[in-house]
Amino acid sequence: MTSTESAILKPDEKHHPGHGPVLAMIDVLAGTNRLVDPGRPQLRISDLAAIRGDGVFETMLARRGVPRKVEAHLSRLAASARMAELDIPARAVWHDTITNALRAHGLCEEALVKLAVSRGVEGGDRVTAWVHVSDCTGHYDTQRTRGIDVLLLDRGYDSGLGIRAPWLLIGAKTLSYAVNMAALRHARSNGADDAIFVSSDGIVLEGPTSTLLLAMHVDDPARRTLVTPSLDSGVLAGTTQAAVYPLARAAGWRAHHAELHVEDLFEADAAWLVSSGRLLAPINRIDGRVLKRRPSLDAELSGWIHQIE
Ligand code: PLP
């Protein structure tokens, strides 16, 4: 058990609905944090988060006060920070801050815990860093159970660009998510719930905030396979997918990364978008075409995802 978990677990606490959000700002020099009013201004207008989207972030889920996959999120935050050449607070500081913010928030079924680091105030000498906790109980229930309709959207660059052009920070989780959010709005204004990006060379990539998972050969117990797009095609390394794979393998599935094309989506026995907050959303239709769906597989995958700590 991590120090974050042990500090938060209080099994006898009850769920108090309607918690307001909590914000803890990190003093990066002292390695301490303090709770501040999230309803009051906390960032300088010249902070590079605000004016350039220059920073990195993580979103994790806390269930009944216990944050999930903390180490995986901190590792990815560190990897994103390395790519962006940002000097971020140490792991212990994040653990303390997450603990403090979740305690102040109080128990709820599900909360989003967002970690963010910006390059700091323009001209300054240190990053700005914070942890924000907000109740998301019930928020994803419909998409988890009913499933989602998805549009395929052109990402506008080829699947090799991330490797050729590391300065584009493809594969880092940066604060510059305006394009991802615009893609989601485009999907929604065209009658879908979500999107999957496709590279200009026809490789299926990821959702704007999620990883694609496909199930193949599910009727042959010796060949049941989970597939997700290759990391070197320019996708974010999903922590949910990474945590699911060992559980799937332990249950006798094969699980690997592959270069996927659009026709693979329609040949799959089931397809999902998975992520830390929503967990899993079964895909019902892509560009209006109905996909195969297996409720028993939804239940199996959901079982693994709920086991993740
Ligand atoms: N891909 C992108 C672009 C994302 O933004 C996210 C999550 O925010 C994911 C994939 C899924 O990652 P995770 O499972 O770690 O939440």
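Helices α8 and α10 are roughly perpendicular to each other, a label given to angles of 65 to 115 degrees. The model is predicted, with local features needing pLDDT of at least 70 and side-chain atom pairs pLDDT 80 or more, while totals for chains, interfaces and linings use all residues. Residues are numbered from 1 along each chain as its sequence is written, and side-chain values use heavy atoms, without hydrogens and water.

Helix α8 covers residues 239–250 and helix α10 covers residues 295–307; they pack at an angle of about 110°, with axes 9 Å apart. Helices here are DSSP runs (H or I, at least four residues), numbered from the N terminus. Axes are lines fitted to C-alpha atoms over the stretch in contact, and angles run from 0 to 180 degrees between N-to-C directions. The crossing of α8 and α10 is right-handed (the near helix is turned clockwise from the far one by less than a right angle).

## Residues at the crossing

From α8, the residues T240, V244, L247 and A248 meet L301, W304, I305 and Q307 of α10. Contact means heavy atoms within 4.5 Å. Of the residues in this contact, six are nonpolar, two are polar and none is charged.

## Two domains

An automatic or database assignment sets the domain bounds: domain 1 is 3–135 and domain 2 is 141–307. Their C-alpha centres lie 26 Å apart. The contact takes 25 residues from domain 1 and 21 residues from domain 2.

Together the domains bury about 1,600 Å², 61% of it on carbon and sulfur atoms. Buried area is the accessible area (1.4 Å probe) that two parts lose on being put together, summed over both. In domain 1, F57, R76 and M83 lose the most area to domain 2, together 36% of what that side buries.

Conventions
Helices (H or I, at least four residues) and strands (E, at least two) are DSSP runs, numbered from the N terminus. Angles under 35 degrees count as roughly parallel, over 145 as roughly antiparallel, 65 to 115 as roughly perpendicular and the rest as oblique. Ala, Val, Leu, Ile, Met, Phe, Trp, Tyr, Cys and Pro count as nonpolar, Asp, Glu, Lys and Arg as charged, and the others, Gly among them, as polar.
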